[in-house]
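Please keep the sequence and the structure at hand while reading.

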Amino acid sequence: MTFALRPTRRLYAHLSTSNFVQCRTIKKEHTLKNGGWERVIPAFRSVCGEDGVSLGEAVREQHGRDESVHRCRPPDVVVWPRSVEEVSALAKICHHHHLHIIPFGTGTGLEGGVGALKGGVCFSLRNMDRVLDLHQEDFDVSVEPGVTRKGLNSYLRDTGLWFPVDPGADASLCGMAATSASGTNAVRYGTMRENVLNLEVVLADGSIIHTAGRGRRPRKTSAGYNLTNLFVGSEGTLGVITKTTLRLYGVPEAMVSAVCTFPSVQAAVDSTVQVLQTGVPIARIEFLDDVMIDACNSFNSLSYPVAPTLFLEFHGTEKSLEEQVTVTEEITQANGGSDFSWARDAETRGRLWKARHDAWYAALALRPGCKAYSTDVCVPLSRLPQIIVETKEDLMLNGLTGPIAGHVGDGNFHCIMVMDPNDQDEVIRVHEFTERLARRALALDGTCTGEHGVGLGKRALLREEMGPLAIEVMQGLKATLDPKNLMNPGKVL
Amino acid sequence: MSRVLVGVKRVIDYAVKIRVKPDHSGVVTDGVKHSMNPFCEIAVEEAVKLKEKKFIKEVVAVSCGPTQVTETIRTALAMGCDRGIHVEVSGKDYEAMGPLQISKIFAALAKKEEASLVILGKQAIDDDCNQTGQMTAALLDWPQGTFASEVTIDGEKVKVVREIDGGLETIKISMPAVLTADLRLNTPRYATLPNIMKAKKKKIATMKPADLGVDMVSRVEVLRVDEPPTRLAGVKVETVDDLVAKLKANGTI
């Protein structure tokens with residue numbers, strides 16, 4: 001396949017209002033101001049080795065996209081450092097030559113965070129893949145950016161410990177720290193913000209810092225400014241995360257999964273609130289709306305009642321599980337819930353939860369040939385029924401396909417917007433819908449992004465959410481840590 | 001009632017990138033993460049499941065090797081085995097240790113412990129021999145159910161569904177018997193912290209191959225270990241004629 005060498009400006013102008021159309025044209029390579037690439041590439045090679053640098057088109061394309069609908073924005077070159085010293089050396093070269101730096105973990109992000117809008121150097125960190133310093137008795141471990149969530153849990157399988165933050169994808173743990181990822185069991189185990197103890201970060205000028213001090217891993221601290229959580233969620237705009245120290249938990253002795261149907265969204269959310277208020281340490285509580293359940297039924301040949309449904313998971317000892325399930329069942333019944341079914345063994349649990357696991361694909365299957373974009377707002381629990389009801393009305397009014405799946409325990413839900421990327425009108429209507437949804441969430445004291453991050457598409461919404469003064473503070477921090485604005489430009493701020 | 005012996009082998013963890021030693025005598029094992037062979041995990045899980053269903057009374061985990069293998073036995077104990085046996089083998093004997101020596105050890109132990117079943121993984125991921133279970137059965141003159149993807153106890157007999165090339169084969173064999181676990185037999189449980197703590201109190205007996213009357217001499221000598229050849233980059237051509245010319249040039253056609 002041949003690619004147009006010159007960007008077609010009219011096409012770009014048309015697309016500038018919408019980020020949703022996948023485009024295969026590759027931008028012309030950015031030219032350097034001092035000396036050109038001929039001096040920089042050999043410098044990179046002397047740091048990472050001959051194999052550690054690539055200018056190949058396919059390689060650059062691969063590193064210019066993630067799992068979002070944002071089109072591919074390839075970097076000018078991809079490098080694979082093998083150690084923090086190499087990352088630092090590369091950063092120094094980039095700093096000297098004024099080259100942009102884009103950190104890349106697994107490319108599983110959902111907000112276009114890895115797109116090289118202004119070209120530059122992609123630091124692909126997958127070769128730094130060691131699990132370091134596991135301290136079983138202290139429940140902590142440090143990992144390099146190439147270690148993924150599933151990789152770490154496999155490494156830990158003999159220890160009785162696990163890292164529970166589960167965003168679905170098998171993402172890089174340092175990448176998860178960079179985007180402040182969350183997951184289906186955040187309601188019990190928290191998000192990355194609560195579970196990162198320390199970070200090793202390389203700044204734009206090559207300096208290596210340890211946000212909580214080198215090698216430190218106390219379970220709590222009140223020492224100095226909380227630099228660790230400054231970098232958590234910074235999406236590669238403040239530095240390259242080269243190591244993260246994580247808080248581990250004991251593997252649950254036993255698990256029980258349950259499903260329950262409700263007559264209304266309100267009933268489902270009320271049950272959620274009451275379960276939490278009763279103090280049941282529920283591990284996962286997921287909401288699927290009637291449209292989503294219908295899609296799941298079709299996709300998996302299931303026969304769940306087509307109505308708002310909660311999928312629940314409990315972790316604990318055998319005895320505590322009995323108690324948790326009994327209390328929860330009573331609450332759901334009191335709210336008009338029916339068809340409460342639960343399972344203890346791994347196989348049946350898998351079957352019960354299959355509907356929830358396959359939700360994304362079930363949504364896509366509603367309209368074959370289409371793409372899907374997931375919204376990500378999060379509001380206080382009490383506002384959840386209102387926002388879901390208003391959102392469903394909006395969807396119906398505008399003829400949009402948007403089955404809903406949500407982590408109701410956190411007040412976070414996703415509309416899986418299924419759309420035809422070639423239907424410009426639909427793309428624009430979906431875009432406008434997502435903006436309305438985000439503003440609806442902001443009006444209800446919530447956030448425009450509960451777990452996916454700001455990335456490329458939500459910068460304007462971030463300004464509305466934070467207000468100008470907080471944004472100014474953020475810009476001040478950015479200017480202090482990255483005065484040349486080399487780190488992942490065009491994201492977050 | 002009955003007792004089951006389960007073999008667990010300590011191998012380099014499946015996620016590790018293997019490197020060959022500079023002298024080509026073997027692979028690098030120093031400082032490299034080791035864990036229980038995945039098929040042994042499945043064997044342990046099956047034995048523990050049989051005990052939970054009350055078909056058998058006691059599960060004994062056995063491993064052969066230097067002191068480090070006791071970690072692997074402890075993992076088996078944390079998964080639910082009742083006690084362990086560590087057969088001490090070290091140095092040259094350990095490096096040369098193979099299915100023949102192991103099967104002799106297991107045959108001797110099976111008789112000593114009066115086991116009704118010996119359950120092993122179908123093969124180890126370091127040598128891929130797939131011989132120990134079969135040799136053990138032959139030495140004991142016991143029936144064998146290998147590549148088991150389903151095991152059901154029916155009185156004094158065992159029904160085994162085996163994974164074979166053409167599909168699945170169901171056999172019924174009498175106990176005592178040797179079974180080897182295939183991938184789809186079960187999903188091994190994770191060791192939980194409370195079980196790991198309990199496992200520390202379970203007993204691991206130590207013995208030497210000589211105590212079982214087993215001679216560890218190996219008839220096999222490893223001459224050289226090499227990495228597989230590096231894959232060459234592909235070459236792009238512009239036309240079909242070029243493709244044909246290149247294929248002819250390197251002798252492919």
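The sections below cover a sheet, the helices beside it, the nonpolar cores and a hairpin.

The structure is a predicted model. In chain A, seven strands make up an open sheet with antiparallel pairing, and their order is E15-E12-E14-E13-E17-E18-E16. Strands E15 (338-343) and E16 (371-374) of chain A are the edge strands, each pairing on one side only. From one strand to the next, the twist averages 20°.

Within this sheet, strand E17 (residues 404-407) of chain A is joined to strand E18 (residues 412-419) of chain A by four bridges in the antiparallel sense. Opposite A:Ala405 stands A:His414 of E18(A). Strands of a sheet pair through backbone hydrogen bonds.

## Helices on the sheet

Helix H16 (residues 424-443) of chain A packs on the sheet and touches E16 and E18 of chain A. The direction of H16 makes about 170° with that of E18(A). Helix H12 (residues 318-334) of chain A lies across strands E12 (254-261), E14 (309-316) and E15 of chain A, and runs at about 155° to E14(A).

H12(A) also packs against H10(A), at an angle of about 145° and with the axes 9 Å apart. The crossing of H10(A) past H12(A) is right-handed. H10(A) contributes A:Ser271, A:Gln274 and A:Val275 to the contact, while H12(A) contributes A:Thr328, A:Ile331 and A:Thr332. By class, this contact has two nonpolar, four polar and no charged residues.

## Nonpolar cores

The largest nonpolar core has 42 residues, and A:Phe314, A:Ile387 and A:Phe413 have the most contacts inside it. Elements of chain A that give two or more residues to this core include helix H10 (265-277), strand E13 (284-288), H12 and helix H15 (384-397). Leaving aside residues up to four places away in sequence, A:Phe314 touches residues including A:Met255, A:Val256, A:Ile282, A:Leu321 and A:Thr328.

Another core, of 37 residues, lies apart from the largest one; among its members are B:Val8, B:Val158, B:Ala191 and B:Ala199.

Strand E8 (residues 196-202) of chain A is mostly covered, with seven of its seven residues buried. E8(A) pairs with strand E10 (residues 240-247) of chain A in the antiparallel sense over six bridges. The bridge partner of A:Val196 in E10(A) is A:Leu246.

E8(A) also pairs with strand E9 (residues 208-210) of chain A, in the antiparallel sense over three bridges. Here A:Val201 has A:Ile209 of E9(A) as its bridge partner. E8(A) and E9(A) form a hairpin with five residues between them, and A:Gly206 in the turn has a positive phi of about 95°.

Notes
Residues are numbered from 1 along each chain as its sequence is written. Chains are lettered from A and ligands numbered from 1 in the order in which they are written. This is a predicted model: local features need pLDDT of at least 70, side-chain atom pairs count only at pLDDT 80 or more; totals for chains, interfaces and linings use all residues. Side-chain values use heavy atoms; hydrogens and water are left out. Two strands pair if DSSP finds at least two bridges between them. Axes are lines fitted to C-alpha atoms, for helices over the stretch in contact, and angles run from 0 to 180 degrees between N-to-C directions. Contact means heavy atoms within 4.5 Å. A nonpolar core is a set of buried Ala, Val, Leu, Ile, Met, Phe, Trp, Tyr and Cys residues joined through side-chain atoms within 4.5 Å. Buried means under 20% relative accessible area, exposed over 50%, partly exposed in between (1.4 Å probe, protein chains only). A crossing is left-handed if the near helix is turned anticlockwise from the far one by less than a right angle, and right-handed if clockwise. Ala, Val, Leu, Ile, Met, Phe, Trp, Tyr, Cys and Pro count as nonpolar, Asp, Glu, Lys and Arg as charged, and the others, Gly among them, as polar.
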